[in-house]
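Let's take a friendly walk through a protein model, one feature at a time. Have the structure open beside you as you read.

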Amino acid sequence: MKKRLTIFVRSFYFNTEVLKAYKLTGLLTFILLVVNIMLVSVPPVIGTLDSTPDYDDFPGINEAFHDIYNRELPCMIEDQTFHCDEEIESFQAGDYTFDIVESISEDLDVDESKIYFSEDEAAIVHVEGETQTILTATYATQPTLDFEQVYSRAQEATDSIAHYDTQTQSFVNNLYFSNVGSTMLVIYPAQFAQLGMYVLLVGFMLMISNYKAKFKKITVPSALKITIAAMTGPALATALLGLLIPQWSILIFTIAYLVRIIAIYFQINATETPLY
């Protein structure tokens, strides 16, 4: 086990160790591919986390929700949907305008701060000068929230304002995590498809080493295993550097992986033993 772990770690930077990857089982190879996908996905995930507005990006949001709670709206978020027992007209809530709409536009171009609720999603828009901060998300991560009960529970609390603020922070944070979660559901399948294509293209490219060779140097399964193992080092570097410069992540991985595959191709050509 220790020997295998040593070979695995050395394969991050020694191409000669990568050539031993043909000995991996199919299960271990698949697990390694999943790990590589997770590593390469770190930069876009970090970019998503950094670019998605959160609770601290909405000045005056607590005061706005104070006004909303104080109205004891007959409204509830339940089973990921929002509904009211009666029609609610829009009103001013602190520095924001509260409005219930049928649906939320994908292009929220407004000239004042607003809080929107629709049946399936909510949006908070803060406008300051020409700058708009927008958070739009579904209720996927929201627990049941009864606006009338928020008011009554606040009256029973030792500090009603602190109770309001805690509820508001929870609500906004759940919008944030719902937004990030839905984005990740797009990122991971996209990375899986992209890296899967890399593996197939590069794996079959390595088969060219059999052309006019004195003996068969590599098989398709071996080529795919070596291709996946060769990906781990560049993927790890991409994850680490992506924490600092996520916008360069794809370029970092592409260059590092390309250089390594070229070196491995020449090593396979030079080998005197079959890799299968």
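Two strands are said to pair if DSSP finds at least two bridges between them. Keep in mind that this is a predicted model. With that in hand, look at strand S6, residues 121–128, and strand S7, residues 131–138: they pair in the antiparallel sense over eight bridges. Within this pairing, Glu121 stands opposite Thr138 in S7. Now follow the chain from S6 into S7. The two strands form a hairpin with two residues between them, and Gly129 in the turn has a positive phi of about 65°.

Next, find the cysteines. A disulfide is a covalent bond between the sulfur atoms of two cysteines. How many disulfides does the model have? The count comes to one. This disulfide joins Cys75 to Cys84, with an S to S distance of 2.0 Å, inside the 2.5 Å cut-off. The torsion about the S-S bond of Cys75 and Cys84 is about 105°, so the disulfide is right-handed. Are its two partners buried or exposed? Cys75 counts as buried because its relative accessibility is 2%, under the 20% limit. Cys84, at 23% relative accessibility, counts as partly exposed.

Finally, turn to helix H7, which covers residues 220–242. At 1.5 Å a residue, its 23 residues should span 33 Å. The C-alpha atoms at its ends are 32 Å apart, so the model agrees with that expectation. Where does H7 kink? A kink of about 30° lies at Thr232, shortly before the proline Pro234.

Key
Residues are numbered from 1 along each chain as its sequence is written. This is a predicted model: local features need pLDDT of at least 70, side-chain atom pairs count only at pLDDT 80 or more; totals for chains, interfaces and linings use all residues. Side-chain values use heavy atoms; hydrogens and water are left out. Helices (H or I, at least four residues) and strands (E, at least two) are DSSP runs, numbered from the N terminus. The expected span of a helix is 1.5 Å times one less than its number of residues. The bend at a residue is the angle between axes fitted to the seven residues ending there and the seven starting there. Buried means under 20% relative accessible area, exposed over 50%, partly exposed in between (1.4 Å probe, protein chains only).
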